[in-house]
Every structure is written in structure tokens, then in C-alpha cells.
Amino acid sequence: MQSFSFEYPFVIVILFIFIGLDVLFRQKTPSYYMPNILTTVASTQDTLFSKTLLKYSILFFLLLSLASPILTKQLPNNSQHTLDIVLSLDTSGSMSLNGFNELDYNQSRWSVVQDVASDFIQKRSKDRIGLVVFGDTSAIASPLSYDNSAPQSSIQNISIGLVGRSTALIDSLATATTLLENSLSSSRVIILLSDGDDTASKIPLEVVLRLLDKHHIKVYTISIGESNNNLTELISVKTNAKSFTANNKEDLKEVYKEISLLEAKTHRRSSIQVIEYLYFYPLFITLMFALLLAYLSKEDEKI
């Protein structure tokens, strides 16, 4: 699909201003009748008309060129629109508790998270995935990468208490933001999972929320149980995302599935706009008419 337009269409108005001024203020000259030069006068009048027409044509095509005619083509963009996603996972001591998997009571909360998060990463193969873990402090376990095997491998090799047994939930968002602050993706997402209240963060929540807003980052929060729902819901609301609660493994699977569907809606197939500039065509015509006008003026001098 293509369309024709001008970048500066208002320039053409100058032509009508010039014509109006020419008509209103044209110099009036007296006429003389000289029978012996009728042929010469007729010839001169024809030349004068041609030269006037050429002058207007030169002005018209020059202004047409200045108006910058363009041909805009819309080409489909078949490339995928990828997201940048950071999983921020709680590895505090409470994640060692059992009973989160109703089919396997002996499986710990962290073990369930390892399984479900790994499955989520595998299904987001077109996106860049990063990984942050937090306890007493927060740390980057895997940078943003299209290689989803890297964060999957990191999750499987992380143990509870790796960065302490407390919960620096807010600090983890600041760490995740450092991965996303230079992202060129149209959608930047943090998926924060925790089973407890924040007990170790040093960065104020207000500061982190300003950072998230500055870099247009959405934070989906997942609370395991009811302990920190107020905090996680506040974070999600402030970043135009959604907060979830998971009480067992099946809940957690459904939460990650719903987040995938929510973010799939942000994938829009767009088009690439290609602009072809056409100003040199009227500019070339202007040059040809100018040369013709110069030639006619030269011929008049010989008469």
C-alpha cells in the first residue's frame, strides 16, 4: 500500500499569492499603433506569452519541489516483537517449606518455583529473559538473553539462602530495573514472586516506584500465600500491571499462564514505513523550463 503527499504542502500557497500580486499590481503601459511593424509585434506578443507561461511554470514546479512531494509505502513487518522479561524470585529461608504441591507434600516451595518458572521460560523462547534472586540482598543470576537455556540452567542451580535467608523484595526490583533500563523493547516486564513480607530492603519503595515509572516497567507480582499481598498489590497497581496469589502448584501454573496471555496481547504486528522523496522530479522540470526561458530571452535580443 502506498500514498502520495507533501511534507510541506503550505509552500504551494505562495504560488497563489504571487499570481494575485501579479494580477493586482501589473504595470499598465500605453499602446502605440505602428502599421509598419505589425508582424514584429505579433511575433513579440507570442514570445511574451510563452515567456510568461514559462515563468509561472518555473515558479510552480520550484514550489512543488520545495513542498517536498513524497511517496509513502507501508510494508508489513514480519519480525517478532519481543518482550524483555526479568523474573525476580524469592530464595529466602521460608521458600524451603513443604506442602505447596498438593500431589507431592515433600516438595518445597522453591522446588515448585524451579519447575514452573523453567516451563514459563521455555515457552517464551521469542523473548529476552533475565533472572534476579533475592534474600538478604538481591543479585542478578542471569542477564537478559534470547538464549532461554541460560536462565533455566541458573534456576536449577540456585539453592535456598544463596543470597541470605531474609526478604529484600523491594531491593530486588531495583536490581531488576538495572537489567531493563536500557531496553529498547516496547514492553518491559518484571515478574516478582515472593512468599513473605519485605524484611531486608534498604531502598525506599517510593524510590523504586519512581524508577519503574521512569523506565516504563510493569511489575506482575505473585504472592505465595497471603502474607505480603498489600505490598505486592500496591506495586502492581502503581506499574499498571496485575497482582496474583498462588496457594499451590496448580495455582502458580495458572498465574504464569495468565501473565503469558496478558503479555501476548502487547504483541502487535506492525508495518515498516518507507518514504521515497520525489522533489528532484519537479526540480529537474524547473531546470529545463529555466533553460528554455533563457533561450527565448536570447532570441528576443536578436530581434
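Modeller: The model is a predicted one. Arg128 forms a salt bridge with Asp84, and the closest N and O atoms are 2.7 Å apart. Asp84 belongs to strand S3 (residues 84-90) and Arg128 to strand S4 (residues 128-134), so the pair ties together parts that are 44 residues apart in sequence. Asp84 counts as buried because its relative accessibility is 2%, and the limit for buried is under 20%.

Strands S3 and S4 both belong to an open sheet of six strands, ordered S5-S4-S3-S6-S7-S8 with mixed pairing. At the edges are strand S5 (138-145) and strand S8 (243-246), each of which pairs on one side only. From one strand to the next, the twist averages 15 degrees. Within this sheet, strand S6 (residues 188-194) and strand S7 (residues 217-224) run parallel and are joined by seven bridges.

A second salt bridge is formed by Lys249 and Asp115, whose closest N and O atoms lie 3.7 Å apart. Lys249 is in helix H8 (residues 249-264) and Asp115 in helix H3 (residues 109-123), so this contact ties together parts 134 residues apart in sequence. Lys249 counts as buried, at 15% relative accessibility, whereas Asp115 is partly exposed, with a relative accessible area of 35%.

A further salt bridge brings together the side chains of Glu276 and Lys73, at 3.8 Å from N to O. This pair links distant parts of the chain, with Glu276 in strand S9 and Lys73 in strand S2 (residues 69-76), 203 residues apart. Glu276 is partly exposed, with a relative accessible area of 31%, and the value for Lys73 is likewise 31%, which makes Lys73 partly exposed. These contacts are among the nine salt bridges that a search of the whole structure finds.

The patch covers about 740 Å² and includes Leu62, Leu66, Ile275 and Tyr277 among its residues. Helix H9 gives the largest share, three residues. Leu283, one of the patch residues, is found in helix H9 and counts as partly exposed at 39% relative accessibility.

Key:
Residues are numbered from 1 along each chain as its sequence is written. This is a predicted model: local features need pLDDT of at least 70, side-chain atom pairs count only at pLDDT 80 or more; totals for chains, interfaces and linings use all residues. Side-chain values use heavy atoms; hydrogens and water are left out. Patches are made of residues with over 30% relative accessible area and no salt bridge: like charges are joined within 9 Å, nonpolar side chains (Val, Leu, Ile, Met, Phe, Trp, Tyr) within 5 Å. Accessible areas come from the Shrake-Rupley method with a 1.4 Å probe; for residues, only the protein chains shown count as cover. A salt bridge is a side-chain nitrogen of Lys or Arg within 4 Å of a carboxyl oxygen of Asp or Glu. Helices (H or I, at least four residues) and strands (E, at least two) are DSSP runs, numbered from the N terminus. Buried means under 20% relative accessible area, exposed over 50%, partly exposed in between (1.4 Å probe, protein chains only). Two strands pair if DSSP finds at least two bridges between them. Axes are lines fitted to C-alpha atoms, for helices over the stretch in contact, and angles run from 0 to 180 degrees between N-to-C directions.
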